[in-house]
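Here's a quick briefing to read with the model open in your viewer. Have a look at the structure first, then we'll go through it topic by topic.

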Amino acid sequence: MATPEPLRPRLCCLVRGEHGYGFHLHGEKGRRGQFIRRVEPGSPAEAAELRAGDRLVEVNGVNVEGETHHQVVQRIKAVEGQTRLLVVDKETDEELRRRQLTCTEEMAQRGLPPAHDPWEPKPVWTHAGSLGSKDSQKDVNGPPRELRPRLCHLRKGPQGYGFNLHSDKSRPGQYIRSVDPGSPAAHSGLRAQDRLIEVNGQNVEGLRHAEVVASIKAREDEARLLVVDPETDEHFKRLRVTPTEEHVEGPLLSPVTNGTSPAQDSSIWKHDPFQESGLHLSPTAAEAKEKARATRVNKRAPQMDWNRKREIFSNF
């Protein structure tokens, strides 16, 4: 009896043919990500071993798990005549989720690491769970994942830190666009789609891209970056709490309970007392005025230059 092929992601290198690449990409309601719907017989996609049902993880080295269908299509078209797709089949995808591993090109070459292998990422900062509205997501046959920021310590290598930082006008903040496999950034636990909160202990959420870059370069050979993945970012925003290094290992935050919130002592985030009590009462004129003022303050955008037509990015 033949030994089953070991589970691993696949890196498919496609060269465009006369009739295109020969595959159909689609998104599905209720499922996060983009999937290969069909592969044309005799096409470049079939020759590259792309298969129907595969989930797309990276396009040309950039993680696209959190991007829209249109954004993924544009990434595929960005490199003329060829593209490099990192994909996982259903079984490999489920195994990665169960073990809370981030899919990388390195795994396509080496296979999934055995349990407790030295190069297997630490579960405290790696996961491949899907985004959701719950505060903690359960992996397949696993416990709920703790939603915490991650503190990544980077030491510069011969080729730098090995990550790309970018911002775009569609959303405030600085984001990790891509992480080079095997780089200091990858070994520190930095991941594509992470949002940058602090650099070397200083909050940078209100800084412009150039100022954040300068903060990272302030120390010649090392940097300490506090980041949140999209799911953790959503969790803290719902709680109206700014992530700090104390949240990395401190007590877990929980949603509003018994009419109180962990952020209720913050003057920035004032809660509506009528909403919290579950009552719909008419506020006094003074209360209505204060609520309107607080709403304007909360909606005020940070002092960033969003007038640039193209996104800003930097390589480290």
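Predicted model: local features only at pLDDT ≥ 70, side-chain atom pairs only at ≥ 80, totals over all residues.

Residues are numbered from 1 along each chain as its sequence is written, and side-chain values use heavy atoms, with hydrogens and water left out.

**Salt bridges**

- The structure holds 20 salt bridges. Side chains of opposite charge can pair when their charged atoms come close.
- Arg195 and Glu205 meet through their side chains in one of them, at 2.9 Å from N to O. Arg195 belongs to strand β10 (residues 195–199) and Glu205 to the loop between β11 (202–203) and α6, so this pair ties together parts that are ten residues apart in sequence. Helices (H or I, at least four residues) and strands (E, at least two) are DSSP runs, numbered from the N terminus.
- Arg195 is buried at a relative accessible area of 8%, while Glu205 is partly exposed at 22%. The cut-offs are under 20% relative accessible area for buried, over 50% for exposed, and partly exposed in between (1.4 Å probe, protein chains only).
- Arg224 pairs with Glu245, and their closest N and O atoms are 3.0 Å apart. This one links distant parts of the chain, 21 residues apart: Arg224 is in strand β12 (residues 222–228), and Glu245 is in the loop between α7 (230–239) and α8 (246–249). Glu245 is partly exposed, with a relative accessible area of 31%.
- Glu40 and Arg38 form a salt bridge too, with 3.5 Å between the closest N and O atoms. Glu40 comes out as partly exposed at 25% relative accessibility, and Arg38 is partly exposed at 46%.

**Helices**

- In α3 (residues 90–98), the buried residues are Thr92, Asp93, Glu95, Leu96 and Arg97.
- The buried residues of α3 pack against β4 (55–59), β6 (82–88) and α4 (105–110). Contact means heavy atoms within 4.5 Å.
- After α3 comes Gln100, with a positive phi near 60 degrees.
- α6 (residues 209–217) buries His209, Val212, Val213 and Ile216. They span an arc of only 100 degrees around the axis, which puts them on the same side of α6; the arc is taken from the directions from the helix axis to the C-beta atoms.
- As background, an α-helix has 3.6 residues a turn, so residues three or four places apart point the same way.

**Aromatic rings**

- There are two aromatic pairs in the structure. Rings of Phe, Tyr and Trp (its six-membered ring) pair if their centres lie within 6.5 Å; planes under 30 degrees apart count as stacked, over 60 as edge-to-face and the rest as tilted.
- Tyr21 and Phe23 have ring centres 6.4 Å apart and planes at 35 degrees, so the pair is tilted. Both Tyr21 and Phe23 are buried.
- Tyr161 and Phe163 make a tilted pair, with 6.4 Å centre to centre and 35 degrees between the planes. Tyr161 is buried at 2% relative accessibility, and Phe163 is buried at 3%.
- Arg16 puts its charged end over the ring of Tyr21, 5.5 Å from the ring centre. The test is NZ of Lys or CZ of Arg within 6 Å of the ring centre and within 35 degrees of the ring normal.

**Two buried loop residues**

- Asp194 sits in the loop between α5 (184–188) and β10, and it is buried at 1% relative accessibility.
- The side chain of Asp194 makes a polar contact with the side chain of Arg150 at 2.3 Å, and it reaches the backbone nitrogen of Arg191 at 2.9 Å. A polar contact is a pair of N or O atoms within 3.5 Å; within protein, one must be able to donate a hydrogen and the other to accept it, and residues adjacent in sequence count only if both atoms are side-chain atoms.
- Ser183 is in the loop between β9 (171–179) and α5, and it is buried at 7% relative accessible area. Its side chain reaches the backbone oxygen of Asp180 at 2.6 Å.
- Leaving aside neighbours within four places in sequence, Ser183 is in contact with Tyr161 and Gly162.

Terms used
Salt bridge = Lys/Arg side-chain N within 4 Å of Asp/Glu carboxyl O.
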